[in-house]
Amino acid sequence: MADIVLGVTGGIAAYKAVSLLRELTESGHDVTVVPTASALRFVGEPTWAALSGKPVARELWESPHEVPHVELGQRADLVIVAPATADFLARASHGIASDLLTNVLLTTRGRVVIAPAMHTEMWLHPATQANVRLLRERGAVVLDPADGRLTGSDSGAGRLPEPRAIAEAAQTTLAMASSGRATRSDLHGRHVVISIGGTQEPWDDVRFLGNKSSGRQGFALARTAIARGATVTAVVGHVDGDLDVGVPAGCAVRRVGTAEELRSVMHELVAQENPDVVVMAAAVADFRPVTSHPGKITKESLADGAAPELILERTTDVLAELVAKRGSSSTPVIVGFAAETPAEGESLTTRALAKLARKGCDYLVANDVSDGAVFGDEETTVAIIDANGDCDLRESVSKEIAAHAIWDAVRFDR
Ligand code: CTP
């Protein structure tokens with residue numbers, strides 16, 4: 001397990017760092033907490049000491065014979081700062097070493113994950129944004145704050161992401177470092193839009209047609225893209241479990257319900273955000289009920305013993321539409337997914353190649369979903385195919401490893 005320094009700076013969200021510490025220690029990591037003097041005004045030293053199981057490193061001037069700023073920084077595999085205030089971002093981006101935490105940042109050669117939290121105005125201020133850009137350029141993973149309720153009654157961008165999501169971002173970053181893969185941010189400066197989960201098509205006010213997509217592969221794509229330096233907008237349909245926990249830290253999120261809503265949000269984002277890559281990982285409905293009945297279809301409303309008729313119509317193929325809209329332009333790179341159930345003797349790759357040609361996208365990630373496999377599973381088998389027909393087959397890998405393989409395959413210089 002890893003040696004982690006958890007830096008906590010003086011914002012109200014410092015209380016959430018207590019849960020983050022818990023997540024990290026329960027995963028077996030050795031965590032040393034380095035709170036700033038202001039952080040200790042929000043959460044006291046005994047809490048950090050008790051939950052980390054070790055003394056809190058507070059001051060440069062404590063135990064100077066142990067040279068704590070050098071020792072802590074050199075030993076750390078990862079430094080996480082959560083919450084990070086605007087003041088901290090300013091000092092860290094300029095290499096100002098005015099307290100123990102900023103000294104640790106200068107001495108560490110481990111990876112750095114920073115989770116800012118502050119009021120929207122402070123976050124959006126050009127000074128803060130410039131500081132974030134500098135930190136990202138130097139390879140730090142700076143997680144965009146979440147949108148939502150802030151300290152007072154106001155809400156907006158500036159909330160600390162959920163502690164579990166920050167812990168997952170840390171885990172992803174550590175896994176990358178330990179596998180020797182892309183330890184620096186190869187997707188830095190790239191913007192990615194990813195559709196995730198399944199759509200639900202209403203039949204009446206209580207019933208819908210859905211599918212088994214859990215959103216796991218899409219979330220893994222978002223998490224790994226962020227860890228590799230990209231900014232990500234996730235278009236999220238129906239997913240398994242608690243959405244607020246599943247969404248990776250640092251993602252901008254748009255929620256959608258139906259295929260038509262997903263279609264309209266994807267077109268809006270492509271027009272407004274000008275992404276470098278669009279990944280259609282969502283399981284979009286191919287068919288929907290022709291009419292959605294207001295209220296609930298009751299047995300009483302039907303002739304004795306009769307069942308209602310369900311008539312379906314085709315939905316629009318969003319992926320094909322995005323490809324057509326792009327025309328001869330080279331951006332965005334478009335990645336499609338394919339859920340396949342190959343017939344006996346037929347190969348996954350052959351089917352995927354035919355679908356790639358049909359859809360016209362740049363890459364197609366094919367899953368064999370025969371017998372309900374893949375949906376909701378931790379593991380997957382994917383064939384990643386490019387427009388030349390080259391195929392990278394990854395069998396029984398975690399969805400995170402599959403996500404890295406997809407990012408490894410994407411070329412921007414086509
Ligand atoms: N897709 C889409 N719009 C739809 C249906 C699917 O954009 N209305 C996208 C999916 O997000 C995925 C890709 O198309 O990236 C392939 O989806 P899949 O369901 O495997 O293929 P289909 O084209 O729907 O073909 P079929 O189900 O007939 O195999």
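Predicted model: local features only at pLDDT ≥ 70, side-chain atom pairs only at ≥ 80, totals over all residues.

So, start with the largest cavity: its lining is R136, A140, V141, V142, L143, D144, I226, G229, A230, T231 and G250. By cavity I mean a set of points, on a 1 Å grid over the protein atoms alone, where a 1.4 Å probe fits but cannot get out, and lining residues have an atom within 4 Å of a point. That lining splits into six nonpolar, three polar and two charged residues, with Gly counted as polar.

Numbering runs from 1 along each chain as its sequence is written, and side-chain values use heavy atoms, with hydrogens and water left out.

Now the ligand. Which residues come nearest? Out of 16 around it, those are M280, L319, F337, K355 and K359; "around" means a heavy atom within 4 Å.

For polar contacts, that is N or O pairs within 3.5 Å, K359 puts a side-chain N or O atom 2.5 Å from a ligand oxygen. A polar backbone atom of A282 is 2.8 Å from an oxygen of the ligand, and V318 has a backbone N or O 3.0 Å from a ligand nitrogen.

As for the shell around the ligand, β16 gives the largest share, four residues (strands are DSSP E runs of at least two, numbered from the N terminus). By class, the shell is nine nonpolar, three polar and four charged.

Methods:
Polar contact = N/O pair within 3.5 Å; in protein donor to acceptor, adjacent residues only side chain to side chain. 1 Å grid on protein atoms, 1.4 Å probe; cavity = no way out; pocket = protein on both sides within 12 Å on 5 of 7 lines; lining within 4 Å.
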